[in-house]
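Reader: Could you take me through this structure? I would like to begin with a single residue and then widen the view.

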Amino acid sequence: MPGCTLAVFEASISVRMSKLLSRRTKLALPMIVLLAGSAIFLARAASAPAQESGAGKGSSPVKIGTQTATPSMAPTFYKDVLPILQTHCQSCHRPGEIGPMPFLRYDQTRRWARAIQQAVESKKMPPWFADRQYSQFANDPSLSPQEIETLGRWAAAANSPAGDPREAPPARHWTKGWNIAMPDEIVRMPRAVPLPARGDVEYTYEIVPTNFSEDKWVQMSEIRPLRRENVHHAVVYIRPPNSQWLRHAPVGVPFTASSLKDEQDRRDTEFTISDILLVYAPGSSPDRWPEGMAKFIPRGSDLVFQMHYVTRGHPAADQTSIGLIFSKQAPKQQVLTLQLTNSRFVIPPGVDDFRVEVHGTLPNDASLLSFFPHMHLRGKSFEYNIVQPDGRAETLLRVNYDFYWQLSYRLAVPRFLKAGTELQAVASYDNSRKNPHNPDPDSAVHWGDQTYDEMMVGFF
């Protein structure tokens, strides 16, 4: 997708070996790229407004609920299974969310008992792709070995027993239509975007005035597409009142780059100095910032929705919203979005492990909060490293990439980074026939907007 950044890259590309591209960059604060995927963040001072999880073995006693039992005692739904579902599954598996079936009640869940067992024992669910030998993450939804064993034994027991409903934990409260609390403000695209049945859809924009009469600090936010199946990604930008970005573009109606008459506005769809408020992509989650940290929206700002739509064989219309929860007071640190990106690569046809990397240096002290890697259908793996002065790399995150579950990875403890710290992002691509998602293994692949093209971005 088009690159949008607050600072011009001063970069050179050098081929270190036939399958290694490297780009060295000085990063300015903040630096933004216009990309699919959940944004990843650093925090700065806000004074300026701007263990293996395989199933357990052996005959030793196991924990079930709050009691110790021998393996011969079958777990029950209300006492043992429902607490696991509430903690790890119901955020997706409830009406209106991405999970294809709800797991709120016994009658809803029992029919899927064997499928649940298979999914958790294979570790396909809950989705999580971080290599466990590196950092620990606050949002890791993975099940413990005991939880996996409990679900497996419940599925294997006769009739997957319900047990006593009086032993059920209190129902978890969910805000209807949101994964955050009820928003203080909901900003919706004023005009629905009509979508064709087939073909590529050009990136679509809609500028929405906030009409905020005072500065706002956003503690939580969530993007909710109306037609989730048609949304490849959505990015919401903060356009301050003094910004000249897309200054002549229409307000409150959808537009694309090709529909703009002003040449500068057309160029602006490829570059911006505006900060990202939030990004939505398959599997992404809302932003929830700790006390003392928040994103900043100056009074009088507009929100610019940038939508990448895909067609699904029938006409549709989308009208995406973003929900905002404001901090009650000005935070000590402002959350900023940065990225490492390399857009100058060509992946040869048939290659099953093509490596692309990029380096950047932090100009300021900062607290590293989280990561969000982004590639397309040929993405294989992605890692973030700190490069030490002697050239050694300390890996902070390595993921086995899944385009259909684009997750953010939030450090359990923020990592302080001194100014001058060198960061490295490394991506690997599979452009061979071994990749079942590869749309065309016989073609070379370049950077591009559509899913059959490729991207390489390490948000942080």
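**A loop threonine and beyond**

Author: Thr210 is located in the loop between strand E8 (204-209) and strand E9 (216-224). Helices (H or I, at least four residues) and strands (E, at least two) are DSSP runs, numbered from the N terminus. This is a predicted model, in which local features need pLDDT of at least 70 and side-chain atom pairs count only at pLDDT 80 or more, while totals for chains, interfaces and linings use all residues. Residues are numbered from 1 along each chain as its sequence is written, and side-chain values use heavy atoms, with hydrogens and water left out.

Reader: Is Thr210 buried or exposed?

Author: Thr210 is buried, at a relative accessible area of 8%. Buried means under 20% relative accessible area, exposed over 50%, and partly exposed in between (1.4 Å probe, protein chains only).

Reader: What does the side chain of Thr210 reach?

Author: The side chain reaches the backbone oxygen of Ser301 at 2.6 Å. Apart from neighbours within four places in sequence, Thr210 is in contact (heavy atoms within 4.5 Å) with Gly300, Ser301, Asp302 and Leu303.

Reader: Where is Val304 placed, and what does Val304 touch?

Author: Val304 is in strand E14 (residues 302-309) and counts as buried, at 0% relative accessibility. Residues up to four places away in sequence aside, Val304 touches Tyr205, Glu206, Ile207, Val235, Val236, Tyr237, Arg239, Trp245 and Leu246.

Reader: Changing topic, which peptide bond is cis?

Author: The bond from Met125 to Pro126 is cis, with omega near -10°. Pro126 is found in the loop between helix H3 (113-121) and helix H4 (145-156).

Reader: How many aromatic pairs are found in the whole structure?

Author: The search finds 16 aromatic pairs. Rings of Phe, Tyr and Trp (its six-membered ring) pair if their centres lie within 6.5 Å; planes under 30 degrees apart count as stacked, over 60 as edge-to-face and the rest as tilted. The rings of Phe212 and Phe326 have centres 5.7 Å apart and planes at 90°, so this pair is edge-to-face.

Reader: Why does that pair tie together parts that are 114 residues apart in sequence?

Author: Because Phe212 lies in the loop between E8 and E9, whereas Phe326 is in strand E16 (residues 321-326). Phe212 is buried at 7% relative accessibility, and Phe326 is buried at 11%.

Reader: Where does Lys216 sit relative to Phe212 and Phe326?

Author: The charged end of Lys216 sits over the ring of Phe212, 5.7 Å from its centre. Lys216 also lies over the face of Phe326, at 4.7 Å from the ring centre. A charge sits over a ring if NZ of Lys or CZ of Arg is within 6 Å of the ring centre and within 35 degrees of the ring normal.

Reader: Which residues touch the most other members of the largest nonpolar core?

Author: In that core of 37 residues, they are Phe371, Tyr409, Tyr429, Met456 and Phe460. A nonpolar core is a set of buried Ala, Val, Leu, Ile, Met, Phe, Trp, Tyr and Cys residues joined through side-chain atoms within 4.5 Å.

Terms used. Polar contact = N/O pair within 3.5 Å; in protein donor to acceptor, adjacent residues only side chain to side chain.
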